[in-house]
Amino acid sequence: MKANGNNANIVIIDDEADLCELLEYNLSKAGFNVTTFLDTKRVEQFLEEESCDILIVDRNLGGIEGSKFVSSLRAKGYNEPVIFLTAKNSSKEKLEGFESGGDDYITKPFELDELIARITALLKRYKKESQIYKFKEITLNLTTQEVKINKTSLELTKLEFALLLEFVKNKNILLSRDELLGDVWQNDMANEKTVNIAIKRLRAKLGDAGECIKSVRGEGYKLC
């Protein structure tokens with residue numbers, strides 16, 4: 001099997017333990033980092049604390065139906081791409097999956113090579129614009145321009161909001177000062193010192209959550 005996962009982080013939620021083991025083995029062999037859950041109880045906490053590039057979700061889960069779980073994640077601002085992998089195969093059920101926030105839909109039984117191809121394609125094209133973005137306890141609502149730390153609203157300037165949004169959209173990715181200047185300021189008058197000062201102020205306003213913005217000496221900043 002060709003390794004093409006490029007260390008992307010895959011979360012699988014399926015109540016079939018044997019299938020979870022099979023997928024973990026084969027997707028790991030293809031170059032993905034895989035975490036499995038037999039139910040949804042600890043998934044949201046995992047998404048708060050760890051990096052996830054794609055969720056693979058069964059719909060026949062105990063406790064909550066898979067599409068309802070994905071719909072609840074979307075409402076809370078979790079924008080990770082979702083592939084449903086399920087035995088529910090009617091047109092109506094497929095439509096429900098996409099309407100709940102799914103990005104792809106594969107029915108069981110399935111071909112492993114096709115699943116890997118769809119994961120790879122989704123990773124390449126996924127750059128969905130959302131109205132709500134969430135990183136750990138930080139939530140940004142683009143419609144209301146509101147930022148919350150847990151449930152507490154925070155006042156940010158327009159520039160600080162744009163800067164925080166840039167970090168959340170590119171979480172776990174190193175952003176150089178030049179990239180931040182180009183994407184956030186778009187102003188020839190700004191310079192690297194401008195970036196440093198703005199990030200210092202943003203960190204202070206975020207309080208403990210500001211510690212997630214890490215300085216990488218000589219290179220830039222990363223939200224992680």
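Strand S4 is mostly covered, with five of its five residues buried (under 20% relative accessible area, against over 50% for exposed and in between for partly exposed; 1.4 Å probe, protein chains only). Helices (H or I, at least four residues) and strands (E, at least two) are DSSP runs, numbered from the N terminus. The model is predicted: local features need pLDDT of at least 70, side-chain atom pairs count only at pLDDT 80 or more, and totals for chains, interfaces and linings use all residues. Residues are numbered from 1 along each chain as its sequence is written, and side-chain values use heavy atoms, without hydrogens and water.

In a regular strand, side chains alternate between the two faces of the sheet. In S4, Val82, Phe84 and Thr86 are buried on one side, and Ile83 and Leu85 on the other. Thr86 counts as buried because its relative accessibility is 0%. Contacts of Thr86 (heavy atoms within 4.5 Å) include Asp58, Asn60 and Tyr105, not counting residues up to four places away in sequence.

S4 runs parallel to strand S3 (residues 54-57), joined by three bridges (pairing needs at least two in DSSP). Leu55 stands opposite Val82. Four bridges pair S4 with strand S5 (residues 104-107), also in the parallel sense. Here Phe84 faces Tyr105.
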